[in-house]
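Try each task before reading its solution.

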Amino acid sequence: MLSLMQDEAWALSTLSPGGVLLTELTGVVPSELERAFWRLYRDFFDRAEKKRRWSLRDDIPWDQCNPDVDPAIADVVESFCAVELYLPDYTSKILPVVRPSRGRTWFYANWGYEESKHSLALGDWLLASGSRTDEQMTDLENMVFEREWNLPHDSQLGMLVYAMTQELATFLAYRNLRQRLEERGDDPALNKLLRLVSVDERAHYDFFRQGVSLFLQHDRDETLEQMRRVMHNFAMPAINELAEGRRRVAAVNALEIMSEDIYYRDVYLPILAELDVDRAEMRSRIPVRKSAPTA
Ligand SMILES: [Fe+2]
Ligand SMILES: [Fe+2]
C-alpha cells in the first residue's frame with residue numbers, strides 16, 4: 001500500500017506544473033529508492049551497534065585532562081560545542097521534510113542520539129579541563145537558544161547534499177583540531193574524545209554520500225543541480241549566527257582547522273571523486289530554482 005502511494009506520488013511529480021517536483025517538497029521518493037535507503041540505514045545501524053558505540057563516562061580518560069591546554073584550542077572546542085547544541089533545531093526542522101522516508105527518519109533518530117553525545121562530551125571536557133566554568137557554560141547554552149537555526153535549503157534533495165557536505169567538513173574539522181592539539185601539548189581526554197566524535201562524523205558522511213549516490217543513479221541532472229546549488233555556496237551550520245560568529249570563524253581559520261582552501265581541497269574535490277562526478281559536470285548551467293540562503 002505504501003509502495004503504491006509512493007509510486008503514485010512520483011508519477012504525479014512528473015506532471016506537476018512549473019517544473020517543481022512534488023517529491024522535492026514532500027520528501028516522498030519512489031519505492032525502489034526508498035527500499036535502497038532502508039537497506040543503507042540497516043547497514044549503518046548494524047555497523048554502529050557492532051563497531052562504533054562508545055561510552056561518554058567510561059571511554060574517555062577524564063582524569064587525564066590537561067589543565068594547561070592552549071586557550072585557543074579551548075575556544076574552538078567551545079565554538080564546536082555551540083554548533084552541536086543546535087541539535088533541537090537540526091532534528092525538529094529536518095524530520096517533517098523527510099517524514100515519508102522511513103530510511104531517513106529512522107536514520108535521523110539514531111543520528112540525533114549520536115550528535116547529542118557530541119555536545120555532552122565537548123561540554124563535559126570544557127568543564128573538566130577547567131577551561132570554562134558552570135556559569136560560562138550556562139551563558140553559552142543561553143546564547144545558542146536565543147537564535148533559531150533554519151534549514152539552509154528548501155528541498156529534501158538539497159538538504160541531503162548539504163548534510164553530506166557538512167558531515168565531511170565536520171569530520172575534517174575534528175580531525176584537524178586533534179592534530180593542532182597534538183602539536184600544542186596534547187590532552188589525552190580531549191584527544192580520545194575528538195577521535196571518537198570524528199569517527200561518528202565520518203560514518204554520518206558515508207551514509208549521506210551513499211544516499212546522494214542513489215539519487216545520482218536515479219536522476220543525475222536534478223541531483224547535479226542540487227550539488228551545484230549547495231556545494232558552491234557551502235557554509236558550516238550555525239557558527240556564523242552565534243554571538244561573535246566572525247571571531248569564532250576567524251579562530252577556526254587561524255588554526256587551519258577549516259577554511260575555504262581546506263573546504264575545496266579536502267571536502268569538495270574528494271566528494272566529487274567518491275561520487276564519480278566530473279568537475280565539468282559541476283560547471284554546466286541549467287536554470288536554478290529559488291533557494292533559501294545558506295546558513
Ligand atoms: Fe557531531
Ligand atoms: Fe554528524
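The exercises cover the fold, the confidence and one residue.

This is a predicted model, in which local features need pLDDT of at least 70 and side-chain atom pairs count only at pLDDT 80 or more, while totals for chains, interfaces and linings use all residues. Residues are numbered from 1 along each chain as its sequence is written, and chains are lettered from A and ligands numbered from 1 in the order in which they are written.

**Exercise 1.** State how many helices and strands the protein chain has.

Solution. Helices (H or I, at least four residues) and strands (E, at least two) are DSSP runs, numbered from the N terminus. Counting these runs gives 13 helices and zero strands.

**Exercise 2.** Find where confidence is lowest and highest in the protein chain.

Solution. Begin with pLDDT, the predictor's confidence in each residue, from 0 to 100. Its average over the protein chain is 85, and 84% of the residues score at least 70. Next, go by helix: α1 (residues 2–15) is lowest with a mean of 32, and α9 (residues 188–218) is highest at 97.

**Exercise 3.** Locate Ser55 and decide whether Ser55 is buried or exposed.

Solution. Ser55 sits in the loop between α3 (31–52) and α4 (71–84). Count other C-beta atoms, placed from the backbone, within 10 Å of the residue's own: 20 or more means buried, 12 or fewer exposed, and in between partly exposed. Ser55 has 9 such neighbours, so Ser55 counts as exposed. By contrast, buried residues make up 38% of the 295 residues in the protein chain.
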